[in-house]
Amino acid sequence: MKILKQINFLKFIPHKFPFLFIDQVTHFKKKYYLFSKFKVKSNNIFFLGHFPKNPIFPGVLLLESMMQSAGIFCKISYPNIFKKKINYLTSIKHAKFRKLVFPNDILNIKIFFINFHNNFFKFSGVILIDKILVCEAIITIYIK
């Protein structure tokens, strides 16, 4: 297991503020998994319109945090394949949302590599808050 507390993960994905849902990569094992964290901030603009009197972090952004983590995993694990290429989401399967997410929650995002075939990379992802399962899904990314 390699701990990546000082890695500049921003160079591995095109996403930037305000559409960046990773604060830190915490653990990584090449070709196996990547763990990351994101603190849900109360000043995010989407809270103005998404349940304004009861701010709830959008489920689609939970999935986006998994996809961003998977993108980082791909570029670190397979630098030669992903050199100067962009990865795109192609599939979300078996997505389940188990618990609501609110401002100040800290997401523990865990991405596990399943396989790849013809430039399609498949992952199992989970998000936990304080060891409680919040979201899970199988996602597939295509590199172009």
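Which residues is Phe123 in contact with, leaving aside its neighbours within four places in sequence? I found Ala70, Phe73, Cys74, Ile111, Phe112, Phe113, Ile114, Ala137, Ile138, Ile139 and Ile141, where contact means heavy atoms within 4.5 Å.

A note on ground rules. This is a predicted model, in which local features need pLDDT of at least 70 and side-chain atom pairs count only at pLDDT 80 or more, while totals for chains, interfaces and linings use all residues. Residues are numbered from 1 along each chain as its sequence is written, and side-chain values use heavy atoms, with hydrogens and water left out.

Overall layout. I counted 2 helices and 6 strands, taken as DSSP runs numbered from the N terminus (helices H or I, at least four residues; strands E, at least two). Along the sequence they read β-β-α-α-β-β-β-β. Of the contacts with a separation of 6 or more, 62% join residues 24 or more positions apart.

The core. Phe123 turned up again here: with Phe57, Met66 and Leu107, it has the most contacts inside the largest nonpolar core, a set of 35 residues. Such a core is made of buried Ala, Val, Leu, Ile, Met, Phe, Trp, Tyr and Cys residues joined through side-chain atoms within 4.5 Å. Strands 1, 2, 4, 5 and 6 and helix 1 each supply at least two of its residues, and the largest share, 10 residues, comes from helix 1.

Burial. I used under 20% relative accessible area for buried, over 50% for exposed and partly exposed in between (1.4 Å probe, protein chains only). Buried residues make up 44% of the 144 in the protein.

Cysteines. How many disulfides are there? I got 0, a disulfide being a pair of cysteine sulfur atoms within 2.5 Å. Cys74 is buried at 0% relative accessibility, and Cys135 is also buried, with a relative accessible area of 0%.

Most residues other than glycine have a negative phi, so I looked for exceptions. His94 has a positive phi of about 55°; this residue lies in strand 3 (residues 87-97) and is exposed, at 58% relative accessible area. Asn119 has a positive phi near 70°, sits in the loop between strand 4 and strand 5 and is partly exposed at 34%.
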